[in-house]
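Work through the exercises below with the sequence and the model side by side. Try each task before reading its solution.

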Amino acid sequence: MKYSNISPEAFNELRKKEGYVVLDVRTPGEVAEEAISGHIAINLFDPAFRSKVENLDKSKHYLVYCRSGNRSANACALMADMGFENLYNLAGGIGAWRSVKVA
């Protein structure tokens, strides 16, 4: 596996660090309902997803999430194939994030 599945608690700790970017790969409608603060939103289903991701800095660490963890896992795999090396998938997605009440 070219990325790590991490817990909401680990995700929360890492997002506070320098050089870590929170990437939301859900649809604009989902993002409008609820999102993790400080995120960048790039919809995995957007036909331009790949070209938008290519503009991101590969030296950064990406904390990727979606609703349940499946789309973000797919996004991580795609990004790894594109040469990104520091990828972390939020296991359980925003649902898991919400359930642990992370600040």
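**Exercise 1.** Which residues does N43 touch, not counting residues up to four places away in sequence?

*Solution.* This is a predicted model: local features need pLDDT of at least 70, side-chain atom pairs count only at pLDDT 80 or more, and totals for chains, interfaces and linings use all residues. Residues are numbered from 1 along each chain as its sequence is written, and side-chain values use heavy atoms, without hydrogens and water. Start with the place: N43 sits in the loop between β3 (39–41) and α3 (49–54). Helices (H or I, at least four residues) and strands (E, at least two) are DSSP runs, numbered from the N terminus. Now list the contacts (heavy atoms within 4.5 Å). N43 touches V25, R26, T27, P28 and F49.

**Exercise 2.** Is N43 buried or exposed?

*Solution.* Buried means under 20% relative accessible area, exposed over 50%, partly exposed in between (1.4 Å probe, protein chains only). N43 has 16% relative accessibility, so N43 counts as buried.

**Exercise 3.** In which order do the strands of the open sheet run?

*Solution.* The five strands follow the order β1-β5-β4-β2-β3, with parallel pairing. Two strands pair if DSSP finds at least two bridges between them. The edge strands, β1 (4–6) and β3, each pair on one side only.
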